[in-house]
Amino acid sequence: MKQLILVIVTLVCTLEMVSAQQRTLVTGKVTDAATGEELIGVNVARKGSSAGTITDMDGNYTLEAVNLQTDILVFSYVGYVTTEIPVQGHRKIDVQLKEETKLLTELVVVGYGAQKKESVVGSISTINNKALVSVPVSNISQSIAGKIAGVQVVQSSGEIGSDVADIYIRGRSTWNDATPLYVVDGIVRSEFAKIDPNEIESFNVLKDASATAVYGVKGANGVIIITTRRGALGKPKISATVQTAITQPINIPQPLGAYDASNLAYLQDWGQYKNRPPQTKGGTLAYDLALWRTGASPWTHSDVDWVGSIMKDFSTQQQYNVNVSGGTTNVRYFISGGFINQNGFYENDDMTKYSRFNFRNNLDIDITNSLTASLSIGARVENLNSPASTIWSSWNIYRGAFAANGRTNPIYNPNGTYSGTGGNIMRSLRESGYYKSVTSTLESSLSLTQKLDFITKGLSAKVQAAFDTQGENGRSWTKETAEYMYDQLTNTYQQFGENRPLGYNGVAKNNNWTKFYLEGGLSYNQNFGDHTVTGLILANRNEFIRNAEVAFADQGLVGRVTYDYDRRYFAEVNVGYNGSENFPPGLQYGFFPAFAGGWLISNEKFMTESALSQVISNLKLRASLGWVGNDKSNDRFIFLQDFSNAGGYTFGTGNNYYNGIRQGDIANKVVTWEVARKFNIGFESEFFNGLFGLNVDLFGEFRNNILTNIDAVKPEYVGAGFKVANIGETSNNGIEIELRHNKKVNRNFSYNIRANFTYNRNKVLKKADPLGLLPYQKEEGYPIGTPLMYTHLGYFNSYEEIWNSPSQLAVHNGIPSNVEVVPGDLKFLDFNNDGVINRDDAYRQGYGTVPELQYGVTVGGNYKAFDFSFLLQGSAHSLFMKQWEIMWAFSNNDNVFAKHNYYWAPEIADAAEFTRFYGKSWVNNERYYSTYEAGSGTYIRLKNIEMGYTLPSSISRKLLMSSARIYLSSNNTFLWSVEKYLDPDNRDNRGGKMPPTRAFNIGLSVNF
Amino acid sequence: MKYFSLLFFLPAFIFLPACDDDLYEPASATGLWEQVAISEDGSEMNLTPEQKTVKLMIEPNGILRYYHSVFQAYANGNGPTSFYGTWSMLDGTWLNISTDKWQFNPSVSAETGKVAVTRKPDNSIDTLASVQKQWAKNHIQARFTILKLTDQEMEIRLKTFEGEKRYALLFAPHPADFLEIKNAGAGKDVYFPKLVSDDNYLTIRKEFQTLKTYVFRFRKVTN
């Protein structure tokens, strides 16, 4: 036995010695095939073995025990094509790795699924979460402006907790609700903006009918699909982000001081005695003015800067996020927790705060080899605290401040009480009590995906259920505080209002909704040689219950078939068949098909086998045509006749009064959805292996059945009103261009430029314009929302000019007939050249409120460990009207701003920014609805700017981190706009909404 | 690195704000100024002896005092010789001065075309009551362009309607354009613009419709 063992050991040792003689060291260098740059950290391993090494700082590697005859070395690196090289006796092997063409592997999220990017023939734009996470904003609707072609963003309010921007995809084609459909993780959801950007994997915008037809009756306005991050196989990866920002509102109106405001009030004949302090009745005007000028009598002639008194120069905002992801072969997870805190912009106000906790847990479990369960839970809790006086908005405080009169009384009396007769804004801000609201939102879904390869390869089934709920509960505690007018002569106070202590005032807001969603379907994906076929069919049902209302419900079927031949020719049919409870029985369902085709020219042999492939690395043509719907309407159940209690009658003897029932507007028994017929033709291209890229899309839409108010065209003899009818028609055509340039100059420096440009113009083709309107006054033929205005030509500069101009006295629509036009008044265009300015001279002109033109240019770069980027974003061809406080002096209280101080006077006529004041009633010819009131929406913003520094890995590893980056960023950094006094996005016609904010941010992001 | 620097500073180059400097400082306007001359549409105006005595005291606190002797003879020789208003500077370019002005506002009969006057019981015209209805007194600012402002000289321009200048207290009105209010009472003005009659109505109305350009030149007396 011993001998046998000895023989075996000897034999084994001999074999090992022979083997060792054939195994030896192999060395080499790995570089980038395009730049020659050494690649650090490339995995180098023997095929079939787990043993391996990685390249060092110079791209060199040394691999031990390589069998020179039989081993194959595998070189793998993130972002590069994995390369296998047989050793074949070589002891030194240098390798050039090619960058992976993302086109082959990258998946693009589409409606109810995902497709390889090269096979996508719909118009879809995507940004990833890197474009969102470091922007210091409270919600992601503010982060996307200028980053995606075809997406128009208008942020009309910066009020904390209510600052979600309006989003339009390729403009608007309806005068009804034009907001896109929001889909988060495959489920239609009512909002997306408050998702923590750290939770987001991709943000996709589906624009043409091919992409949105699967959403059928809800897809006409475009679809935004947000996919949240999920775990992947590997050790736990922990990421943490901390950022803190200084924020400030942009372009707050700055009222004039008391002296200048008084001067302007004196200039107006009615203003002589307006708001004169009661103590000085009988004094001379010069005396009052002198007191305001010198500030000698602050108790009687105050000079309160209400805006400056209540508004902070800046406020603060903090954001935190920690997330962990990873997984085993069977379970993958992504867990994220985030927190944002915003402080308000009111001075001495420690109440106004908004905070939000975000939580997400995405779990994927392979129950068997063919069955996967996916659980997605997203939750957030929002807390909003504010003074009780701003429960509904900051209108009374913020707008009140810039319109307030600072000349009549100070903020505080000598004894510390609030001065005034009931309108002291500081009292209203600080002594009205407080309001607290909590809004809790849960978005959850569970899906099971079963591979059905045992039936046929590539077939799978998926069922999904979702449950969402939100509850908003706001309660207020109010108190009353009296104001006092101080009489300096008698040193006495007159009380206005009562003093009542703080007390619970009940529930101010209580809103709840619940949503149930069910989905089940089959999908199929199979290759047959050069042929690839995919298919999808699913059924879904959605129910949304808001408070105690009848449930909103829709259900339908979705279908998709795609075909690709040899990765060159692509065809796709998408259909949605769905209906809504909002339409009459028998007319509830609609069928929405879309057809698309694509040709990947760069995969043709005449390209791949020619020198052209060195220039054109990707070129795809695609086109689509389809029909989608929009079921949104302001009123529900338009097909039902409604009645209301109204009026009554006396019946019989005595005073027996009986309430009556009155028929409401006549029901529309055949109401249906809007239908959009959309076409899209475009190409995607890349040149010089990604050095340049250009995508162009031409799109067009015809929308009909738009719900329209028809009361204006009903005959006079019809006594009742009508409900809206599907008679409106519009068209919308445009172009999108995306340009990309990426350049790795050397191993230390690279840069990229991305630009997008979108232009679209819609036109009203049919709308119920009132009878009797002149052709140029109808909405038909003009973009949606184009105002009917007179054209303002400037100011009359002399009587001679007035006498030689068309008469404006004849106007009865705006000017009282006894008001004489004098120099300094507005001069209008005699549009129809009849010598008289009257209502026939108003015509449709300008633009609607949604910009026709939007663009963005992002420039980014890396130099060693530093990175830098900025985004220039702009829009044009839109306007908004400015009226009341923000436009006209003294139109509501004491609102006069710098522009009013440049009033017309003969001496400064060339520099005038406002009409004359002298001897004018505030109701004058300025009451015209004219271009004088139109604010331009044209602007360019330095939207974001960011600079970052990534710690060297040697340091971060010592700190037990895999990477760490510190960065400075800002949002709304600089604005150039045609409109001087307002942020052009701040579209409230009275300027009463808190404007959007500018933010400067410092952040730290670490990964473990 | 040069590329990186270029990218870094690009936004700054694009958005480098233009800087405007105000032309004149308010402090340089303060002091006592003596009127030297007035021109109307480029021609030197003929001034009465009373109009030639105008002085302006521009005080740092925003008060403006002005002195002339146009009304000195009123109230038995005790008429006012000093008046006050306020002043401010806008953008270092314009000088705002508030002063008493009278707005021409007589009522004219639509039937007869006659200017309305108030009559006494004996049917004679009640001049005081009439002019108080025919003219509205306001204390409002006039806006001058500063043409020149040095330690020694100030030149300011006012383009306005002839009547706006003629019936303003500032810069000494012509004595013939005003009349004395007898027995005005304590604290009341003893001067008022002249009576508007059928004879002068159109002339005065025309004055308020005719644009003129006035240039006022001053010499500094003391700081």
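Strand 31 (residues 616-630) of chain A pairs with strand 34 of chain A in the antiparallel sense, over 14 bridges. Strands here are DSSP runs of type E with at least two residues, helices are H or I runs of at least four, and both are numbered from the N terminus; two strands pair if DSSP finds at least two bridges between them. This is a predicted model, in which local features need pLDDT of at least 70 and side-chain atom pairs count only at pLDDT 80 or more, while totals for chains, interfaces and linings use all residues. Residues are numbered from 1 along each chain as its sequence is written, with chains lettered from A and ligands numbered from 1 in the order in which they are written.

Staying with strand 34 of chain A, W627(A) is the residue that stands opposite R677(A). Strand 34 of chain A also pairs with strand 35 (residues 692-708) of chain A, again in the antiparallel sense, over 13 bridges. In that pairing A676(A) sits opposite R703(A). Strands 34 and 35 of chain A make a hairpin with four residues between them, and F688(A) in the turn has a positive phi of about 50°. As for its two faces, strand 34 (residues 674-687) of chain A has a covered one that includes E674(A), A676(A) and K678(A), and an uncovered one that includes V675(A), R677(A) and F679(A).

Elsewhere in chain A, four strands form an open sheet in the order 3-2-5-6, with antiparallel pairing. Its edge strands are strand 3 (52-54) and strand 6 (83-86) of chain A, each of which pairs on one side only. From one strand to the next, the twist averages 20°, where axes are lines fitted to C-alpha atoms (for helices, over the stretch in contact) and angles run from 0 to 180 degrees between N-to-C directions. Within the sheet, strand 2 (residues 43-46) and strand 5 (residues 72-76) of chain A run antiparallel and are joined by four bridges. V44(A) has F75(A) in strand 5 of chain A as its bridge partner.

Chain A is divided into domain 1 (20-100), domain 2 (103-232) and domain 3 (258-302), with bounds that come from an automatic or database domain assignment. Taken over C-alpha atoms, the centres of domain 1 and domain 2 of chain A are 42 Å apart.

Next come some enclosed spots in chain A. A residue is called buried if 20 or more other C-beta atoms, placed from the backbone, lie within 10 Å of its own, exposed if 12 or fewer do, and partly exposed in between. Seven of the nine residues of helix 8 (residues 395-403) of chain A are buried, so this helix is largely enclosed by the rest of the structure. Among those buried are I397(A), Y398(A) and F402(A). The cover over the buried residues of helix 8 of chain A includes helix 7 (306-310) and helix 9 (425-430) of chain A.

E159(A) lies in the loop between strand 11 (151-154) and strand 12 (166-169) of chain A. E159(A) is buried, with 23 other C-beta atoms within 10 Å. Leaving out residues up to four places away in sequence, E159(A) touches S393(A), S394(A), K993(A) and M994(A), a contact being two residues whose C-beta atoms, placed from the backbone, lie within 7 Å. The C-alpha atoms of E159(A) and F345(A) are separated by 8.9 Å, although the two residues are 186 residues apart along the chain.

Turning to chain B, there are five helices and 11 strands. The radius of gyration of chain B is 23 Å, well over the 17 Å that the globule rule gives for 223 residues, so chain B is more spread out than a compact globule. That radius is taken over C-alpha atoms, and the rule is 2.2 Å times the number of residues to the power 0.38. Along its principal axes, the C-alpha trace of chain B spans about 100 × 45 × 35 Å. Buried residues make up 31% of the 223 residues in chain B.

Where the chains meet, 31 residues of chain B are in contact with 31 residues of chain A. Strand 7 of chain B gives the most to the side of chain B that touches chain A, with seven residues.

Finally, F171(B) has a phi near 60°, a positive value in a residue other than glycine. F171(B) is placed in the loop between helix 4 (162-166) and strand 9 (178-180) of chain B, and counts as buried, with 21 C-beta neighbours inside 10 Å.
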